[in-house]
Amino acid sequence: YGIMQGELPPVLKNRDGHNARYATLDAVERTVRPVLSRHGFSYSFTTEGGSEDRMMVCRLRHRMGHTEETRWPCEIDRAARMNDSQKVASAGSYARRYALMLALGVSTTDTADDDDADSLTDTITTQEAADLRAAAEDAGVDMVRFLKWALV
């Protein structure tokens, strides 16, 4: 878990909210999935409790069988200008985002050029890039398709 967590970059805040910018659930998932997958982790969500004390449960699993759970309150904003179904869905999305971030110890950042983000991101050397290119050519890899996949 520690090695995988060290590879997780901060998630870029990509949406304006009521009082601040935040990272959407989609942005969090796009950021963490490649790293989790590489290390054999997956996650799922469920809820527990009733309408007044509902909790979102994030279940983080490793392919070797270990499971960890985190919980985040699934509080519904009764004053929101939405129908009841939209209020429940919004609360669920919010709770999934924060339960997942809590499970992974992920932080958010305002800009891709954030100093903290730069310190967490290493790049490969020119020689390593050349070696990878040569290995890909030898294996017949379609680099355009591979790079589209890698940048998802």
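F146 lies in helix α6, which spans residues 143–150, in what is a predicted model. With a relative accessibility of 37%, F146 counts as partly exposed, because that class covers values between 20% and 50%. Together with V141, M143, L147 and W149, F146 forms a nonpolar patch on the surface, and the accessible area of these residues together comes to about 480 Å².

## The β4–β5 hairpin

Strand β4 (residues 41–48) and strand β5 (residues 55–62) run antiparallel and are joined by eight bridges. Within this pairing, Y43 stands opposite L60 of β5. Six residues separate the two strands of the hairpin, where G49 takes a positive phi near 95 degrees.

## R97 and T24

R97 is placed in helix α3, residues 84–104, where R97 is buried yet has no salt bridge, the nearest side chain of opposite charge being that of E29, 10 Å away. Leaving aside residues up to four places away in sequence, R97 touches Y22, A23, T24, L25 and V28.

One of these contacts, T24, belongs to the loop that lies between β3 (21–22) and α2 (25–38). T24 counts as buried because its relative accessibility is 9%, and the cut-off for that class is under 20%. With residues up to four places away in sequence again left out, T24 touches N14 and R15 as well as R97. The C-alpha atoms of T24 and A95 are separated by 11 Å, although these two residues are 71 residues apart along the chain.

Methods. Residues are numbered from 1 along each chain as its sequence is written. This is a predicted model: local features need pLDDT of at least 70, side-chain atom pairs count only at pLDDT 80 or more; totals for chains, interfaces and linings use all residues. Side-chain values use heavy atoms; hydrogens and water are left out. Patches are made of residues with over 30% relative accessible area and no salt bridge: like charges are joined within 9 Å, nonpolar side chains (Val, Leu, Ile, Met, Phe, Trp, Tyr) within 5 Å. Accessible areas come from the Shrake-Rupley method with a 1.4 Å probe; for residues, only the protein chains shown count as cover. A salt bridge is a side-chain nitrogen of Lys or Arg within 4 Å of a carboxyl oxygen of Asp or Glu. Helices (H or I, at least four residues) and strands (E, at least two) are DSSP runs, numbered from the N terminus. Buried means under 20% relative accessible area, exposed over 50%, partly exposed in between (1.4 Å probe, protein chains only). Two strands pair if DSSP finds at least two bridges between them. Lys and Arg count as positive and Asp and Glu as negative; His and the chain ends are not counted. Contact means heavy atoms within 4.5 Å.
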